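Please open the model in your viewer and keep the selection tool at hand. The stops below say what to select and what is there.

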Amino acid sequence: MADNDEELEMPRDAKIVKSLLKSMGVEDYEPRVIHKFLELWYRYVVDVLTDAQVYSEHASKSAIDCDDVKLAIQSKVNFSFSQPPPREVLLELAQNRNKIPLPKSIAGPGVLLPPDQDTLISPNYQLAIPNKRPAEPIEETEDEEAANPNPAQEDQMDMQMQQNPHQRVSFPLPKRQKD
């Protein structure tokens, strides 16, 4: 009896949506479904009538008539729904595409992964650290010279630093603990 009371209080449009669902074999649904269908229905009607009003004004008519509404519905159908191409056209396109062989796999079996720069696991930022060189060269003592057995390599590093004034450093982000 509670269903009868709810159905009596239900607006006429909601009853129509409910009977449409029932006629399509939908028995189990949430009550919000009816409200969503009504919202879509009202939005569609408003759009069609707005377009019909524009067509009526363009034709210098004082009121919207049946032809304006038909034209508005037809324009909605033309822009909202499209027919798929015929099966023969799709088969011909598929045959043309399948004539081109797939590229040979270089990596071997398994899933090919994208380059590191295109993944989410790569570092996501870089810092440009300027090289700060002292204004006056510091004199080395004999102890420091003895500690560096390969001074030529140090000269090469100094040359590279002069050519590239900024050094790029990237850091991976630490994994956060889930709370």
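Predicted model: local features only at pLDDT ≥ 70, side-chain atom pairs only at ≥ 80, totals over all residues.

Select Gln-74, which is partly exposed at 43% relative accessibility (buried means under 20% relative accessible area, exposed over 50%, partly exposed in between, with a 1.4 Å probe and protein chains only). Gln-74 sits in helix H4 (helices are DSSP runs of H or I with at least four residues, numbered from the N terminus).

Residues are numbered from 1 along each chain as its sequence is written, and side-chain values use heavy atoms, leaving out hydrogens and water.

Next, select Met-10, Ala-14, Val-17, Leu-21, Ile-34 and Leu-38, the largest nonpolar core (buried Ala, Val, Leu, Ile, Met, Phe, Trp, Tyr and Cys residues joined through side-chain atoms within 4.5 Å). H2 and H3 each give two or more residues to this core, and H2 has the largest share, three residues. In soluble globular proteins, nonpolar side chains tend to be buried together.

Stay on Met-10 and show Lys-15 and Lys-18: leaving aside neighbours within four places in sequence, Met-10 is in contact with both (heavy atoms within 4.5 Å).

Last, select Ile-16 in helix H2. Ile-16 is partly exposed, with a relative accessible area of 30%.
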